[in-house]
Amino acid sequence: RETMAKNQGDQIPEAAHERLREMRGTKGARKLFTSDLSVNEFLLVREAGFEPVGLVVGTSIYHIGFQYARLVQSQELDVLTQALYAARELAMGRMEAESDELGADGVVGVRLEVNRYEWGANLAEFKAIGTAVRARDQSTNYRTPQGKPFTSDLSGQDFRTLLAAGYRPVELTMGNCVYHVGIQSMRQWFSQIAGQNVEMGNYTQGLYDARELAMERMQAEAEAAGAEGIVGARILENNHGWDSHVIEFFAVGTAIVATRADHEIPTPQMVISLNDADTSQ
């Protein structure tokens, strides 16, 4: 990731540079911040000792190529795996570069999105969007060991709770695997089982392997970042418009480290929501 994101600041459009300079202001006097945090998230992030400094975005429109695969064989399509990983890394790197330009310590609430457009059948836009934040107390370094802003897909509430418990986010880590599920083997299985209830062992093993590869790569990123663990991990599936037998398994989560030895967790409090209360009477 470090190599791919090294020169992303040079690829930010001039309009973005102008927007970021205006938000950062001069001599530390900021004019305006933007944020996609909800009101509750905004207030809890401030309570945690951070100020939102701007909405940051990174994008990459990528041509998703084609990799030949034998129809009867279940296998990873490593060319496509690498392409989709690279596209997300480009988007993440540009988002980090924007937050760097704002002087932020990190980005919270990161969303990774993929869009397809009618004008490009084999094109996809990969976007990374989040709110850059800066700690009011600059005596603590919240950046990664490489000096980059931390990234996290945690909500404002979870971010505040994590900090209060003695942990902090380091990096949004991810791993993926694009997998081709063999076709003919399915027909062979149906001819053998003839309507029986039975596990499809080759399919089970193939998709199991694909998910494990995605998770293993996500964990390797976290280990490289010096993290103690990953919270909020998810495994997402999408075929991005390919043949129905081609699936991408995408694992993503926030890598964290401890900020102190004791981790006293506040006692949970019962909250009764009145949002859905009947007010018609």
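Begin by selecting A15 and E22, the exposed residues (over 50% relative accessible area; buried is under 20% and partly exposed lies in between, with a 1.4 Å probe and protein chains only) on the face of α1 that is turned away from its buried side. This is a predicted model, in which local features need pLDDT of at least 70 and side-chain atom pairs count only at pLDDT 80 or more, while totals for chains, interfaces and linings use all residues. Residues are numbered from 1 along each chain as its sequence is written, and side-chain values use heavy atoms, with hydrogens and water left out.

**Helix α1**

Helices (H or I, at least four residues) and strands (E, at least two) are DSSP runs, numbered from the N terminus. Select residues 14-24, helix α1, and colour its buried residues A16, H17, L20 and M23. They lie on the same side of α1 because they cover an arc of only 130° around the axis, taken from the directions from the helix axis to the C-beta atoms. Then move to G25, which follows α1 and has a positive phi, near 75°.

Show the side chains of R21 and E14, which form one at 2.8 Å, N to O; R21 is partly exposed, at 46% relative accessible area. Next, display E98 and R19, whose side chains meet at 3.1 Å, N to O. This pair connects helix α3, which holds E98, with helix α1, which holds R19, across 79 residues. E98 counts as buried at 5% relative accessibility, whereas R19 is partly exposed at 31%.

**The nonpolar core**

Which residues touch the most other members of the largest nonpolar core? Among its 17 residues, they are V56, M92, M95, L102, V110 and A132. Such a core is a set of buried Ala, Val, Leu, Ile, Met, Phe, Trp, Tyr and Cys residues joined through side-chain atoms within 4.5 Å. Centre the view on M95: leaving out residues up to four places away in sequence, its contacts include V56, V110, I129 and T151.

**The open sheet**

Now select the four strands that form an open antiparallel sheet in the order β2-β6-β8-β7; two strands pair if DSSP finds at least two bridges between them. β2 (75-76) and β7 (229-238) stand at the edges with a single partner strand each, so one side of each has no neighbour in the sheet. Strands β6 (residues 167-180) and β8 (residues 246-258) are joined by 13 bridges, and R168 stands opposite V257 in β8. Helix α6 (residues 201-224) packs on the sheet, touching β2, β6, β7 and β8, with its direction at about 150° to that of β6; axes are lines fitted to C-alpha atoms, for helices over the stretch in contact, and angles run from 0 to 180 degrees between N-to-C directions.

Within β6, select T173, which is buried at 0% relative accessibility. G253 in β8 is the bridge partner of T173. Beyond four places in sequence, the contacts of T173 include M218, E221 and A222.

**Last stops**

Show R211 and E237, which form a salt bridge at 2.8 Å, N to O, linking helix α6 to strand β7. Finish with D36, R111, E113 and K127, which are linked in a network of salt bridges.

Methods:
Contact means heavy atoms within 4.5 Å. A salt bridge is a side-chain nitrogen of Lys or Arg within 4 Å of a carboxyl oxygen of Asp or Glu.
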